[in-house]
Amino acid sequence: MVPPAHIGFLGQGWSPDPGGIETHTRALARGLVDAGHAVSALALGPASRVILDGVDLTRVPRPAVDVLADLDGTPQGLAALRRWLRTARPDLVHVHHLSGWGTVALEELHAQGVPFLVTLHDDWLTCPRGQRWHVEQRACPVARPEDCASCLARSHAGLQA
């Protein structure tokens, strides 16, 4: 028998937010709670902390993204992650999406010695649009900088380089 653990979830949203990842993570967390594990989650949304289906869910506002580099993380997002880690103290963090958190979240988990795993639900790490689908309505079989630059310039017009 596996002893109970405290599992943390990190993602961009949480059900009842719409989306497949949000639905998947809530169902997975519910299964872990039913198996006797403690589960905490950190997600983006209106600031709140509630117990939902036995999960200690903390939501923080989505950090403002002003420049392209912010897609890799912001000081606000990193501060929220650090606060959550100090409060929740999970044994393991299951990362489900880095949108809004950036890859600096993985660096922070590593720096704090928190074991983590990442489920890649889409191509967000190589394409901020998530699906490698160009704004010109065509698939991008390979991420090429010249295609990505023109696509991002059109689909994220408010971002500065």
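Where is the place of proline 16? Proline 16 lies in the loop between strand E1 (6-10) and H1.

## Model and conventions

The structure is a predicted model, in which local features need pLDDT of at least 70 and side-chain atom pairs count only at pLDDT 80 or more, while totals for chains, interfaces and linings use all residues. Residues are numbered from 1 along each chain as its sequence is written, and side-chain values use heavy atoms, with hydrogens and water left out.

The pLDDT is the predictor's confidence in each residue, from 0 to 100. Its average over the protein chain is 87, and 88% of the residues score at least 70. Among the elements of the chain, E1 has the highest mean pLDDT (98) and helix H4 (residues 145-155) the lowest (78). Where pLDDT is low, the predicted coordinates should not be read in detail.

## Overall architecture

The protein chain has 4 helices and 8 strands; helices (H or I, at least four residues) and strands (E, at least two) are DSSP runs, numbered from the N terminus. From that terminus on, the order of elements is β-α-β-β-β-α-β-α-β-β-β-α.

Of the 161 residues in the protein chain, 40% are buried. Buried means under 20% relative accessible area, exposed over 50%, and partly exposed in between (1.4 Å probe, protein chains only). The accessible surface of the chain comes to about 8700 Å², and 59% of this belongs to carbon and sulfur atoms. These areas come from the Shrake-Rupley method with a 1.4 Å probe; for residues, only the protein chains shown count as cover. A contact requires heavy atoms within 4.5 Å. Among contacts between residues at least 6 apart in sequence, 56% join residues at least 24 apart.

## Nonpolar cores

A nonpolar core is a set of buried Ala, Val, Leu, Ile, Met, Phe, Trp, Tyr and Cys residues joined through side-chain atoms within 4.5 Å. The largest has 17 residues, and those with the most contacts inside it are Leu10, Val93 and Trp101. Strand E2 (38-44), H2, E5 and helix H3 (104-111) are the elements that give two or more residues to this core. H2 gives the most, with 5 residues. A second, separate core of 9 residues includes Ile7, Trp14, Ala41 and Leu57.

Not counting residues up to four places away in sequence, leucine 10 touches Leu42, Leu81, Val93, His94, Val95, His96, His97, Trp101 and Ala105. Leucine 117, in strand E6 (residues 116-118), is partly exposed at 34% relative accessibility. Leucine 117 and leucine 92 are 25 residues apart in sequence, and their C-alpha atoms are 7.9 Å apart in space.

Arginine 26 is placed in helix H1 (residues 20-34) and is buried, with a relative accessible area of 16%. Its side chain makes polar contacts with the side chain of serine 15 (3.5 Å) and with that of aspartate 53 (2.5 Å). A polar contact is a pair of N or O atoms within 3.5 Å; within protein, one must be able to donate a hydrogen and the other to accept it, and residues adjacent in sequence count only if both atoms are side-chain atoms. Leaving aside its neighbours within four places in sequence, arginine 26 is in contact with Trp14, Ser15, Pro16, Leu52 and Asp53.

The peptide bond from serine 15 to proline 16 is cis, with omega near 25°.

## Residues with positive phi

Most residues other than glycine have a negative phi, and most peptide bonds are trans. Arginine 89, although not a glycine, has a positive phi of about 55°. Arginine 89 is found in the loop between helix H2 (75-88) and strand E5 (92-95) and is exposed, with a relative accessible area of 63%.

Glutamine 137 also has a positive phi, near 65°. Glutamine 137 is in the loop between strand E7 (133-134) and strand E8 (138-139), and counts as exposed at 54% relative accessibility.

## Cysteines

A disulfide is a pair of cysteine sulfur atoms within 2.5 Å, and a search of the whole structure finds 0 disulfides. Cysteine 140 is buried, with a relative accessible area of 15%, and cysteine 151 is buried at 7%.
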